[in-house]
Amino acid sequence: MRTKRVTFRHRWLPYLLVAPQIVITAVFFLWPASQAIYQSVLREDAFGLKTEFVGLANFERLFSDSAYLESFWTTIVFSALVAGLSMGIALVLAVMADRVIKSALVYRTVLIWPYAVAPAIAGVLWWFLFNPTIGIGAYAMGQLGYDWNHFQDGNDAMALIVIAAAWRQVSYNFLFFLAGLQAIPRSLIEAAAIDNAGPFKRFWSIQLPLLSPTVFFLLVVNVVYAFFETFGIVHATTGGGPGNETVILVYKVWRDAFEGLNLGSSAAQSVILMVIVIALTAIQFRYIERRVEY
Amino acid sequence: MKSTLSMTAMASVMALAAPAAMAQTEINFWHAMGGALGEKVEEMATAYNESQDDFVVVPTYKGNYTENMTAAIAAFRAGEQPHIVQVFEVGTATMMAAQGAIKPVYEVMENADIEWSSDAYLPAVRSYYSTPEGQLLSLPFNSSTPVMWYNQDLLDQAGKDVPQTWDEVFELADALQAEGHECAVSFGWQSWSMIENYLAWHNQPIGTQQNGFAGFDTELTIDESEDLANLLQRIADSQEDGTFVYGGRRGDSLPLFTSGECALWINSSAYYPDMVEQAEFNFGQTMLPLNTEAADAPQNSIIGGATLWVLSGHEDADYQGVAEFFDFISQPEIQADWHMSTGYVPITTAAYELAQEQGFYDENPGTQTAIEQLSLNEPTANSAGLRFGNFVQIRDVINEELEDLWSGDQTAEEALSNAAERGNAMLRDFEDTNM
């Protein structure tokens, strides 16, 4: 790849131009992150009247807590399901929408709509649909012979938060897939069609490989979304239950700080989450970006 | 005007302060009463503000109980705390432990230039929020207790009277099932209604050190009650024929009752307005069922709800206003009105008597259940209430362990012993932090 070289006449101009970005990063990331690290080595009562330095005790306590380790596993399962489901559905929809010629704009607009719905509202919406007593979704499943009760059945509860989280993300993924598909030259597909390749064969051998950068980009974005932005959905639907079957890491961070008022432990958990997101980003840039053919 | 006040607060400040003189002192009051309850709180503040010229009470809605408490604590850390904050009953230990941050109510009232006695408040309400020496720490505001709500139409269909014991609950279930109706009972706020109140009702301890009143070195003893384990196991087993249906934490199971699916529902008496609005059948409330295996007669139930705490760090003169406001809202007329419109219990004996005189209980049979239950007997060390640190989290633990019981993953005995063990670790954590 060739890079264009730009020279600035003034020494301070480039610094001035990046200054806003640096200030924003400092205020909204570096400062809170350093506060979290500081708080994670303290033990403090809720009001901040008694503060004690405890070193890594908060972390030790977390890793000896079986509930916290289970929460890791729950989060991994949840993220894999959300990313898989939302990308799978989005891909199917994008391929369909790519082939539609008549009123394509209408389809696209309707498919993008759910992205504008806030996670907590999406959560409440699904809570109503699948409420075991009054939900129309639960009723429909009852008619089909499945006794839905996410208050009691851990798998039902997991399914509920996965559907609620994935539903919204489908729109986002759809946009990227559609853009990716439209960037594939028509001539390639037409050539394959002339060589007697059916729609599935064309998709599998031509479109999907050419989409792979988009797929990997979305994989990382979706995992990050499932890890960090789904707190509202869990809060509004299952509240972590039944048992602790749907307590994902980010929900536990919130609950320990805002319900439990245990700031030290909550800060330690956010530091762990921060390490995870840094690792995910590093993996994306170091390995995946390189291997995927553009 | 402080920039930290929210828009709603600003609106109410302007509405209230417009006709008043500039010399008035503002008393900030953060509460967690949304909707109709919030309007009632505004009404109280307006009535107080109009009754005198020195102070202006500014109520601000800050979200649910947890959000309100967290907001007040964050404000305290930033030096912007309100004078009065409403805190739910399980936050009591946290507030008490924060000695530099709070001003006990008895002290505020004694220092102020008014006549006041804590004897006016109902014993069962007062005891929950007092020191072991009987000094009131926070002002009871909205208090309720779990009762058993029943669907009279379903009872008639089964040809049964209102159950008074757990055995009768299960007999009712059999009779209903003979009529082809499955669910007999469900409940909400299960830690509060089925464990804490079950133990108090049968005069058994919830924890050592007088349920935590006598010291931070308390331990949960919920796993020591055999009759509780037996009852919970019986309830869990009864899911097989549909007698019991679990409907979620907090009030999530309300639709199970109001839709007519379950004949009985054990939860707060403060659901009264919801029942009036949603239930399309004849309903009533009665006392919690007795487990005859555990006791011959019930003791008394314990309260839930919230109290008003006074935060320190303001001018001494401000606290005169706080004391006057507290005294004002404790008046029988105001308390009786609050009680009759919300389903919360009246907090003073005088208010209870006033509601009786006005014939409220004759017109609305059953509405006195909560207060009768609370004042059934003089509270014992087991039934005065409970005071455990980190109790919000401990309730989550109890919820989790009970849910694993309802789903059949563990027995009642295991659920209670796991809950006690995990809860005790949190109690030790709280003890270490507040040593």
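**Close-up 1. B:Asn203 is partly exposed in this predicted model, with a relative accessible area of 33%.** Buried here stands for under 20% relative accessible area, exposed for over 50%, and partly exposed for in between, with a 1.4 Å probe and protein chains only. B:Asn203 sits in the loop between helix H9 (190–201) and helix H10 (208–211) of chain B. Helices (H or I, at least four residues) are DSSP runs, numbered from the N terminus. The phi of B:Asn203 is positive, near 55 degrees, in a residue other than glycine. Most residues other than glycine have a negative phi. This is a predicted model, in which local features need pLDDT of at least 70 and side-chain atom pairs count only at pLDDT 80 or more, while totals for chains, interfaces and linings use all residues. Residues are numbered from 1 along each chain as its sequence is written, chains are lettered from A and ligands numbered from 1 in the order in which they are written, and side-chain values use heavy atoms, leaving out hydrogens and water.

**Close-up 2. B:Asn211 lies in helix H10 of chain B.** Here the residue is buried, with a relative accessible area of 0%. For B:Asn211, too, phi is positive, near 55 degrees.

**Close-up 3. A:Thr133 is found in the loop between helix H5 (119–129) and helix H6 (136–143) of chain A.** Its relative accessibility is 23%, so A:Thr133 counts as partly exposed. Have a look at its partners in chain B: setting aside neighbours within four places in sequence, A:Thr133 is in contact (heavy atoms within 4.5 Å) with B:Pro255, B:Leu256, B:Ser259 and B:Glu261. A:Trp148 is 15 residues from A:Thr133 in sequence and 9.5 Å from it in space, C-alpha to C-alpha.

**Close-up 4. Helix H4 (residues 104–112) and helix H7 (residues 154–182) of chain A pack at an angle of about 145 degrees, with their axes 8 Å apart.** Axes are lines fitted to C-alpha atoms, for helices over the stretch in contact, and angles run from 0 to 180 degrees between N-to-C directions. From H4(A), A:Arg108, A:Leu111 and A:Ile112 meet A:Ser171, A:Phe174, A:Leu175, A:Leu178 and A:Gln182 of H7(A).

**Close-up 5. Helix H11 (residues 249–259) of chain A is mostly covered, with 10 of its 11 residues buried.** Among the buried residues are A:Tyr251, A:Trp254, A:Arg255 and A:Glu259. After H11(A) comes A:Leu261, with a positive phi near 55 degrees.

How values were computed:
Helix = DSSP H or I, 4+ residues; strand = E, 2+ residues; numbered from the N terminus.
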